[in-house]
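Student: Could we go through this structure together? I would like to start with the pocket and then turn to the sheets.

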Amino acid sequence: MRRQRPTLIAVSTLIAVTLTTAPTPANAAPPDQVTALTAHQADGYTTLAWQPVDGATDYQIERTPINADNTPTGAPTIVGIWRPNRQINQHAPTFADAGYNPGDTFQWRVRARTGTTEQPYSDPVTATTTAPWGNPTTPGEQLRTGWETTHAAQYTTDTDEYAYTAAIDALSDRVRVVELGRTVQNRPINMMVIGHPTPAATPEAVAATAPVAINCNVHGNEPGDREACLIMARQLAFSTDPRITDLLSHTTVLIVPTINGDGRANNTRGNSTGQDLNRDYSLIRQPETTAYITMVRDYRPVAGYDGHEFGNSRAGDLPMLPPRHQNVAQPIFDQSQDMIEGHMYAKGAEAGWWACPYGCEGGGNVGLSEETILRNTLGLKNVTNSLLELRSSGGQTRPDEGNTTNNRRRKTYSALWTFHQFLDYHRADRADILKARSEAIETQAANTGRLVFRGSRPIPAHPAPHPGDSPPPLDAPPADLILDNPPCAYKLTDAQYNGARTDGPGGVGTTVAQRIAAHGWKVITIGDDHYIPLNQPERGLIPLLLDGKGVEKLTDGERVYPTLTGRRNGPLAVTGFTCADDATINGPVTVRAGAALVTTATTISGPLTAASAAGILLADSTINGPVRIATTDTISIIDATIAGPVDLSGNTTGTDAPVLAGTTIRGPLNCTGNNPTPHNLGIANTVHGPRTTQCAAL
């Protein structure tokens, strides 16, 4: 549930802040003069705060470089314009000045304007800004990116990135660099796995820590977030700050600096084939997106941020947006909005950043419902997450950013601030994030409610005073892209499932089977037919790729509707593919070899037995009796109640581990000889009896 957060909170930064306050003048300040100006120093930016002036239309922030004797070494420059729509805290204006070389010394003044009439400047404040993080004489801390060593004149090259991340890996026990895959042009797609004192050793072990993921550079010509990620990786790897060690002791941070290495090397939005990768996360036609989605499947991050730059010069510093697709479960949408509106807006108002809805001023046809976009794909995968846009040019509110290096600094250091705030939010709200995720998975697996093939949840302007006047368009679903009667499953022929594809690089694509496996969906194979049930955690995404109504689909699957509903008395022997929905079965159920049973909202009063079955998928169902599943190919039990012992034995399911999640078992739980070992998706089961061998930790 979204909470009202206070808007006046003490400023918290990675580095201890330096506070400089103007001396109290001997005489009273003139009317309409800004007073009480202060400057707080942080990583790459200075937060200026002052008392508001009644009737002020806006404020101008002036910065002057000075030397150790407070003598100006350059001309005073207007570097910022503070306007009333910048932030939610109108009675305490702040501005984050970030267009300078960190470590230099400056004087700041602020003046109000009434209309176009300029009022007197405040008394000045002076301070030395915070130097780049890391002691230059301490191993590890002394590392610098190519962007830092050139003072933002050049971005870090791909080869410099690989050397920098390898050095962090070699010098810090907290970091392990893993290769997720390769780009079309064979560049490595690396991920830094960061934890304290060391990161967990396997993807499954990392998943158990409720990890967070930051995707730093999907559009190759939008590199500001990538530079922030590289700097933050150094801080996380070597800082002794208690905040950092506490964060890393309670989660694992997954940083993918450059998913689009080919595009970054060539400074292009798309990859080397011209594909916009942020329109491919559901279709996964490209090796880059396949690598990222496979990582999400294996490491199961519970929260994420996706970094971009926004060409609208009238927008805020930091436009943000949650997953909006209407198939995203309500708890995930709400939690994502809480992260943005409840945390980022309030913290941004403190620090002086202008966080706002994607679109902000000037609006535009942005932030829609395409499931191919990472924020929507992650939301459909039950990940609390947000898009982050860095305004690509200074615009009216940062008039000094015609200077390219100053513009790059503001973008990078605002992203660094955002990513640290993201980690702080996860640390403070971890329980709520996990609760939202559990509720979303159980809701999705219940397979209830309509399916929308294209359409967004509304994003209203934040209650006045709000940051920005133009939230993204409504993008309501048209009637012909709504399915009110969802099927139980989709059936694909073998040609659809395993047939050759031509939609990948060079006209060669991976099969639908390979893409479904990368997404991690359960598939039941009976003869030459392949069934993808909807009683799974990613129920909202499956139809978008497999239904004929899909706007950007893989194939036209056949809808399969429930074959068993209502009441049935007596024993049931399941053959073929049987789907039970809102059914009551009074008697024992036996799933025969090669057959499959899929249930939602169903009660079975009697034992359930399956041996050498093609698949058992139970969701939101009750079994009043023991359950025994042996040598079965596909297994998923989510949000079920079982009044008896459960035995999972000898099930060999390839790379697709059996799932037992959020289930209450009123008896013992035994799991032996399963390959791979069953897991619980991070949702604990309640077992009223002993748990043995492979299921002891579930």
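This is a predicted model: local features need pLDDT of at least 70, side-chain atom pairs count only at pLDDT 80 or more; totals for chains, interfaces and linings use all residues.

Student: Understood. Which element gives the most to the lining of the largest pocket?

Tutor: That is α12, with four residues.

Student: And which other elements give two or more residues to the lining?

Tutor: Besides α12 (512–519), they are α3 (203–207), α7 (287–299), α10 (404–445), β21 and β34 (635–638).

Student: How many residues line the largest pocket, and which lie nearest its centre?

Tutor: The lining has 38 residues, and R297, G520, W521, K522 and D656 lie nearest the centre. The space in this pocket is about 880 Å³.

Student: You mentioned β21. Where does β21 stand in its sheet?

Tutor: The sheet is open and has four strands in the order β21-β22-β20-β23, with antiparallel pairing. β21 (524–526) and β23 (558–560) are at the edges; each has a single partner strand, so one side of each lacks a neighbour in the sheet. On average, neighbouring strands here are turned by 30 degrees against each other, direction ignored.

Student: How many bridges pair β21 with β22?

Tutor: Three bridges, in the antiparallel sense, with β22 covering residues 529–533. I524 stands opposite Y531 of β22.

Student: Now the parallel sheet. What is its strand order?

Tutor: This open sheet of seven strands runs β25-β27-β30-β33-β36-β39-β41, with parallel pairing. Its edge strands, β25 (572–574) and β41 (691–693), each pair on one side only.

Student: How many bridges join β33 to β36?

Tutor: Four bridges join β33 (residues 627–630) to β36 (residues 646–649), and the two strands run parallel. A630 has S649 in β36 as its bridge partner.

Student: A change of topic: is N260 buried or exposed?

Tutor: N260 counts as buried because its relative accessibility is 0%, and the cut-off for buried is under 20%. N260 is found in the loop between β13 (253–256) and α6 (261–266).

Student: Which backbone oxygens does its side chain approach?

Tutor: The side chain of N260 reaches the backbone oxygen of R269 at 3.3 Å. A polar atom of that side chain also lies 3.3 Å from the backbone oxygen of G270.

Student: What else is N260 in contact with, leaving aside neighbours within four places in sequence?

Tutor: Its contacts include N217, V218, H219, G220, T268, N271 and L277.

Technical notes
Residues are numbered from 1 along each chain as its sequence is written. Side-chain values use heavy atoms; hydrogens and water are left out. Two strands pair if DSSP finds at least two bridges between them. Axes are lines fitted to C-alpha atoms, for helices over the stretch in contact, and angles run from 0 to 180 degrees between N-to-C directions. Buried means under 20% relative accessible area, exposed over 50%, partly exposed in between (1.4 Å probe, protein chains only). A polar contact is a pair of N or O atoms within 3.5 Å; within protein, one must be able to donate a hydrogen and the other to accept it, and residues adjacent in sequence count only if both atoms are side-chain atoms. Contact means heavy atoms within 4.5 Å. On a 1 Å grid over the protein atoms alone, a cavity is a set of points where a 1.4 Å probe fits but cannot get out, and a pocket is an open set with protein on both sides within 12 Å along at least five of seven lines; lining residues have an atom within 4 Å of a point. Grid points are joined across faces, edges and corners, and a volume is the space filled by probe spheres set on the points.
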